[in-house]
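This report describes aromatic rings and strand pairing in one protein model. Please keep the sequence and the structure in view while reading.

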Amino acid sequence: MRNQLSLSDEDENDSSNSVFCWWKSAEEFKERGNLKLDLSNLSNLTPTVKVLREMERLALVAPEGLDDLRHKLLTYRSGDFWSPTGGINKEDMKIPPLITILLVGFSGSGKSSLVNLMYSVLGRSGLIPFAQTSGNSPNYTTLFMEEHNVLRSLRSGFCVYDSRGFDYNRMRESFEDLTAWMVDGVHHNQLCRRSGDEALRREGMVIPSMGSMLSSSRFKRRRVNCAIVVANVADIYKALQKGDSKPLEATRELFWCPSLRKCNENPLLILTHGDLLSAKERIDGRLKICEFLGVSETTGTYDIVCLTEHGLLADDSDPVTAYALTEAIYRALIFSDRTHSPKRNIKDWVVIFVSWVMCSISAFFAFLAYFFSRLSRRDKLKL
């Protein structure tokens, strides 16, 4: 890991001195000192300075804000962040008992590692691994949809789903799976079969039987309320340095996939494995990805390291990462509660029934018209 631990000598807040501030080793940060805010020149800030200010914001609020934000998640119930709109009461809204957050990304992006970090930060579970990652085995790939209660609480108001990673060479098949998840919903232990699974079977990987598929279907199916796109910033940046833009272009196709817009306008973006880059490369990679995706380099975008330099889950040793992850989940829940739709009343069901009857009548008369037109043509031919 090439990022360095930098301590701020000028910061008056003693608690922030222990923050893992990797961005302070960047030349831009050293040139601008402590980045004092100048309200008259906000429009002239470069994207790099905006990222530096965003990281400074996280470092400033993390020591005291982490516990407060974590408490809000612990006490969260589905619909708590819903705001009255259109004159409709909360009781008239169709709010699911559990908010479902889906992690999507390409293989090796760090989705499973991110889940483990959620358990460590939110569930306070220490270093016990809960989701198997590709780092445990080079040939491992997630074959099932996994539902995780990262708070480890029976009263949890949300769950996180770890999905199977997509393949750069099978984009069409990957997006078909994604569309099915967003339209039909997901359930725990749901098998994600693909055309290349036979090769995995020959390599010794166990592919479940039909019996296990039937038993897994007994789990409750959940509608996805919010999607988070996870991208490996190190892989994308290194590929760009070699002149390969395929990972970046595939990430943009995934981010702008129409099926993701069914839950929220813009998915949250989490960049992982930035610790494999230098501070300059890490910021530059973030800017290139955000610019190519057409999204803000600060709002809705988070740089999260899943493992520390010692191979441990980042927790209290890195409050910036812990707070960024907690804020990302908090923002996802806010987005989810904004997308709830009103319940259908008797009037709605009557309109649906009448529409169905009218469509059936129209189809019937269209069939009669087609039938008699063909019959009249046949009679003309006989004459």
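Tyr76 is buried, with a relative accessible area of 1%; buried means under 20% relative accessible area, exposed over 50%, and partly exposed in between (1.4 Å probe, protein chains only). The model is a predicted one, in which local features need pLDDT of at least 70 and side-chain atom pairs count only at pLDDT 80 or more, whereas totals for chains, interfaces and linings use all residues. Residues are numbered from 1 along each chain as its sequence is written, and side-chain values use heavy atoms, with hydrogens and water left out.

**Aromatic pairs**

A pair of aromatic rings is described by the distance of the centres and the angle of the planes. Rings of Phe, Tyr and Trp (its six-membered ring) pair if their centres lie within 6.5 Å; planes under 30 degrees apart count as stacked, over 60 as edge-to-face and the rest as tilted. By this rule there are 9 aromatic pairs. One of them joins Tyr76 and Phe81: the ring centres are 5.0 Å apart and the planes stand at 35°, so this pair is tilted. Phe81 counts as partly exposed, at 22% relative accessibility. In the pair of Phe106 and Phe166, the centres lie 6.2 Å apart and the planes are at 80°, so the arrangement is edge-to-face.

Where do Phe106 and Phe166 lie? Phe106 is in the loop between strand S2 (99-105) and helix H3 (111-122), and Phe166 is in the loop between strand S4 (158-162) and helix H4 (171-184), so the pair ties together parts that are 60 residues apart in sequence. Helices (H or I, at least four residues) and strands (E, at least two) are DSSP runs, numbered from the N terminus. Phe106 is buried at 4% relative accessibility, and Phe166 is buried with a relative accessible area of 1%.

Tyr76 and Phe81 also belong to one aromatic cluster with Phe158 and Tyr330.

Strand S2 is mostly covered, with 7 of its 7 residues buried. Ile99, Ile101, Leu103 and Gly105 point one way from S2, while Thr100, Leu102 and Val104 point the other way.
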